[in-house]
Amino acid sequence: MPLIARSRVNPYRLYLAMRVGMSLLATLAFTTSVVYWVDGAGLNPFQLLMLGTVIEVTYLVLQLPTGFLADLVSRRACVVAGFGVYAVGLLMMGLSPEFWVHLAAQVLLALGAALMSGAQESWVADETRQAEMTPVYLRATQLGFIGIITGSLLSGALASVALNLPMLVSGAIMALGTAWLALVMPEKHFQRPAGDGRVKTVFHQARIEIGEQVRASRRATRVVPGLVLLLGMTFAFGLWSESYDRLSGAFLLEDIGFPDMFGLEPAMWLALISCAVALGGIGVTEWARRRTARLGSGAIIGMLVLFTVATLAGVIGFGLAETFWVALVFLLLISVSRPLYEPLVNGWLVVRVEPKVRATALSARDMFDSGGQIVGGPVIGAIGTAFNLRAALLAGAAVLVPAILCLVGMGRKAKAAEEKTAAVDENTHAEVGERG
């Protein structure tokens, strides 16, 4: 029965369902998490940053191994296992407010995310065999906003009953979803290294394949124009994002405050803000999807520059804001721009690297992002401790400037490569014409 079910499943639709489901459940768990951590668990700013540091260090360490695992063993298995491990991490946090339990849960969340990251995108690229994947990733991001809206409202409603309830419900639903994926998720086009399937043989083949993948990755940095700059941009973006993710909620709670309207609690305010972000994100993603469909992947770098500049302006405005409504405007600008990075970068990357190292390349991208977050979180957190949250947010904005410079350089390299290719093609056509 499972084999019959798998043969009938449309990989494209299943990928969209996974992305929407993950958006819904992650939003359900984390929209009101800052209230749970601060008011329910009593965590201080240092402990909040420690949660972020632990998850990012673990994610960084596991990124390449899980990427190799997806490329060598099974992308489907990595995705299913990732969902299951992530579910256990959510349940752990919901079951206990103890700080050490939450630290341990971050390790599981990082492992689950590392298993899924890259494997999902590589799996759908293999199974659909489309030449251009950016529209697929953008559509998944766009539909994911529907999950965000639903998850945000559920999170606010459940948190009004008990602050830990959103994490418990999210973890339970994700555990059920893991069992469903194990039954229906197909994998027809993945090519494993040949062998007898024994553990010893797999490890022997893995050493050989990893060496080849490392060489292929090195070739990619030379062959793909701007790839090194893309990784540099990712690192700089990570330097900023960790401090913003951990401190922006506390900044709203402690420095700005929420309006006293309709008796809304902070948890419900955060849920409504998340809904507004999702609605704006649907429109922006549709614009990016249509622009990419019209102009191709060559338009991606320009859009990344635009969204990074918008994010920089939003962070500066948010950090300088004195009132809730001004802060909200800039918060929405930042939050609407951010979700576009992943599908745009993934779409640009997967069509430019060899198929057999796609998951590894995507894991390397995530590794640079995690490395930036590990470095940036403590440094900017120290600024917040020495001065205040406002100073920390503005310091974080400064590291977005190198990200913009990397993108500009990346665009120039890509343009130069296109001109060189066009010149070679023109010379080739001319030589063929002369021979004719």
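Helix H2 (residues 11–30) and helix H5 (residues 75–95) have axes that come within 12 Å and cross at roughly 15°. Axes here are lines fitted to C-alpha atoms, for helices over the stretch in contact, and angles run from 0 to 180 degrees between N-to-C directions. H2 and H5 are therefore roughly parallel to each other; that label covers angles under 35 degrees. Their crossing is left-handed, a term for a near helix turned anticlockwise from the far one by less than a right angle.

The model is predicted: local features need pLDDT of at least 70, side-chain atom pairs count only at pLDDT 80 or more, and totals for chains, interfaces and linings use all residues. Residues are numbered from 1 along each chain as its sequence is written, and side-chain values use heavy atoms, with hydrogens and water left out.

Which residues of H2 and H5 meet? Met18, Met22, Ala29 and Phe30 in H2 meet Val79, Phe83, Tyr86, Leu90 and Met93 in H5. This contact (heavy atoms within 4.5 Å) involves 9 nonpolar residues, no polar and no charged ones. Nonpolar takes in Ala, Val, Leu, Ile, Met, Phe, Trp, Tyr, Cys and Pro; Asp, Glu, Lys and Arg count as charged, and the others, Gly among them, as polar. Helices are DSSP runs (H or I, at least four residues), numbered from the N terminus.

Next come two single residues. Ile149 lies in helix H8 (residues 134–161). Its C-alpha atom is 8.5 Å from that of Leu272, 123 residues apart along the chain. Leaving aside neighbours within four places in sequence, Ile149 touches Cys275, Ala278, Leu279 and Ile282.

Thr311 sits in helix H13 (residues 300–320). Thr311 counts as buried because its relative accessibility is 0%; buried means under 20% relative accessible area, with a 1.4 Å probe and protein chains only. Beyond neighbours within four places in sequence, Thr311 contacts Trp240, Ile334, Ser337, Tyr341 and Leu400.

The whole structure holds 11 aromatic pairs. Rings of Phe, Tyr and Trp (its six-membered ring) pair if their centres lie within 6.5 Å; planes over 60 degrees apart are edge-to-face, under 30 stacked, and the rest tilted. Two of the pairs are tabulated.

| Pair | Centre to centre | Plane angle | Type |
|---|---|---|---|
| Phe251 and Phe318 | 5.2 Å | 65° | edge-to-face |
| Phe258 and Phe324 | 5.7 Å | 55° | tilted |

Phe251 in helix H11 (residues 227–256) and Phe318 in H13 are 67 residues apart. Both are buried. Phe258, in the loop between H11 and helix H12 (266–295), and Phe324, in helix H14 (residues 324–337), are 66 residues apart. Phe258 and Phe324 are buried too. Phe237, Trp240, Tyr244, Phe251 and Phe318 form one aromatic cluster.

Conventions. Helices (H or I, at least four residues) and strands (E, at least two) are DSSP runs, numbered from the N terminus. Angles under 35 degrees count as roughly parallel, over 145 as roughly antiparallel, 65 to 115 as roughly perpendicular and the rest as oblique. Buried means under 20% relative accessible area, exposed over 50%, partly exposed in between (1.4 Å probe, protein chains only).
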